[in-house]
Amino acid sequence: MTKKIQIELQIPSESQSRDGAPYLEHGDFIKYCNANGVYANEEALKAYEKKGLLYPCIRVLYPGELLRRRFRASLPYSDGRYEIRDEWEPLITLENAIYYSTIWRPKEFKRVLDLGHPLDHALIGEHPFVTDPSKQKFKAWSRYKIIEGEYAGIKSIKSRAVQYYAAWKIFLLDELNKLNTDEHNRATGSKRGLGWSNNRLRPSSINEFYHFFRTTAAFSYRRYLLRINYFENTPHSEANWSEVVNKSENIAKLLFGNATYVNWIRYFRKLIDLYETFKGNNEFRLSEETKSYIRRTVVFLMHATANDFRKICKDVNGPYKKYLGIGMEDGVVVHAGCLEEMFPDKKWDLEQNVKDMLADELKKLNSILIENERVPNALCDQLFEELAEKPDGTALAAIRKIGKGYGDLGLWHDHEIWSGIGDLSIAVEVHGKEWIGGKTLEGVLLNLFAREAPDYKSLKKLTGIKHITDANTSAEFLEKLTLLESASQIPVDRRCGRHLLVAHLTRNYANHQKGLTEKTLKENLYKIYFALISTLFVIYAGYKKQ
């Protein structure tokens, strides 16, 4: 007896980035990276900044005297009060704005709704205590440290600088570590790894997408605040929600600015390539984090450009959807079809992967049927639209399942394919019972062809074999399938023809048996599949009286 083992991947909370926290202090950033399997410590961050490879996004510098006064105020014998100099007021205001930026009641919350994250606003506004490290000459982090005070004979050392990293810089750090495996030791002063190999560290390719990461993070943060404001501060009405949507669109368009859509699609492709790489390397936590950034980018572009998800997917795929899903454009790998697989829309997935298949099968069926028996081509689209509204459990879902059984690169999955055949045979019966009436597929076919010659009952008798549509074993099923294929007395050019018998036989066999595998499945798959699809079209045409 085979036991099933359920495997669960638990994602620690520290490994997940959040829309409401676009910036992390460097200690929290280190925890975030390590929780996702990306090696990080303070020495590494300092070394990469010194080499100009990875900067903090923002550095806030505190006056030493302010830190000393706060230290004294924190001592047990103090009343907790300390005097603030006028020149420190902008820093105190910034601290309060950061603290209250996600708390929906204080005035600071309303301010960030309009202006964005306090750190972003401070940097743009040339705040006296805020700097952009990428534009400053490097200064060793140790030089920011001061003795803020002493208590019980112990000196307290604190840094005047608070370094803020964006969560998305984890991808940059990961690539730097991987690119510089040997050199990583030299950069960080660590002795782990393979050793030193040359005198230069290689930069990350992700640096060129800095603007796109930052823009997406800024939008996600402000949209997050708008949603909080709606749920906490306003009546839940359609009008108020429309205001949230409108404000989100205005923010997205403002942030999009003069950027070109083509470059955003290139950035999208880079994110998807990161996702596929992490997934292929079994770096599941990083792949999930990348997926969250892809989701945020989808939402941003939908608001900024008014393009829907389908349009974005089409543009990301480019011309490569038809070529095994892989391509290269402007230096970035294109994984066509991956975006829609990450966030599947069932109806669209069916339109992309099933609709044309149905049309091809109807064309082949009509090429076989005599002229006055052919199924009108217009019924193909009607059938698809009717079933695609609620695709679960329908023939469309079964056809898609069979298609997936082949795999993206022609891989063959016996179980999935035969399971799809079983689902399709059941779906044909279920649809027939709904459209024509009857308790079983046989009842459906008897009702559909009760007054025509040949009727379905007579068609079965043409084989000369009793119970031609019953099979209890694979051998019996294959034997009867072969007989039906070779029986010249059974018409193939009529709606009431051989395909109905093959579909009926498959339905009865697939209902109780494990199915065909390997060679027998490969040899007989298409004839079984075509019979089921043909029967579906014939039943639907009868239902539509066409």
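Mentor: One term before we start: helices (H or I, at least four residues) and strands (E, at least two) are DSSP runs, numbered from the N terminus. This is a predicted model, where local features need pLDDT of at least 70, side-chain atom pairs count only at pLDDT 80 or more, and totals for chains, interfaces and linings use all residues. Residues are numbered from 1 along each chain as its sequence is written, and side-chain values use heavy atoms, with hydrogens and water left out.
Trainee: OK, which helix does Ser292 lie in?
Mentor: Ser292 is part of helix α12.
Trainee: Is Ser292 buried or exposed?
Mentor: Its relative accessibility is 14%, so Ser292 counts as buried. Buried means under 20% relative accessible area, exposed over 50%, and partly exposed in between (1.4 Å probe, protein chains only).
Trainee: What does the side chain of Ser292 reach?
Mentor: The backbone oxygen of Glu289, at 2.6 Å.
Trainee: And how many residues does α12 have?
Mentor: Helix α12 covers residues 284-305, which is 22 residues. From first C-alpha to last it reaches 31 Å, close to the 32 Å expected at 1.5 Å a residue. The expected span is 1.5 Å times one less than the number of residues. Just after α12, Ala306 takes a positive phi of about 70 degrees.
Trainee: Switching topic: at what angle do α23 and α24 pack?
Mentor: About 110 degrees, with the axes of α23 (residues 498-510) and α24 (residues 518-543) 8 Å apart. Axes are lines fitted to C-alpha atoms, for helices over the stretch in contact, and angles run from 0 to 180 degrees between N-to-C directions.
Trainee: What do we call that arrangement of α23 and α24?
Mentor: The two helices are therefore roughly perpendicular to each other. Angles under 35 degrees count as roughly parallel, over 145 as roughly antiparallel, 65 to 115 as roughly perpendicular and the rest as oblique.
Trainee: Where is Gly515?
Mentor: Gly515 sits in the loop between α23 and α24. Gly515 is buried, with a relative accessible area of 14%.
Trainee: What is Gly515 in contact with, leaving aside neighbours within four places in sequence?
Mentor: Trp418, Ser474 and Tyr509, where contact means heavy atoms within 4.5 Å. Gly515 and Asp414 are 9.1 Å apart in space, C-alpha to C-alpha, though 101 residues apart in sequence.
Trainee: Last one: is Glu371 buried or exposed?
Mentor: Glu371 counts as exposed, at 66% relative accessibility. Glu371 is found in the loop between α16 (355-368) and α17 (378-388).

Notes: Polar contact = N/O pair within 3.5 Å; in protein donor to acceptor, adjacent residues only side chain to side chain.
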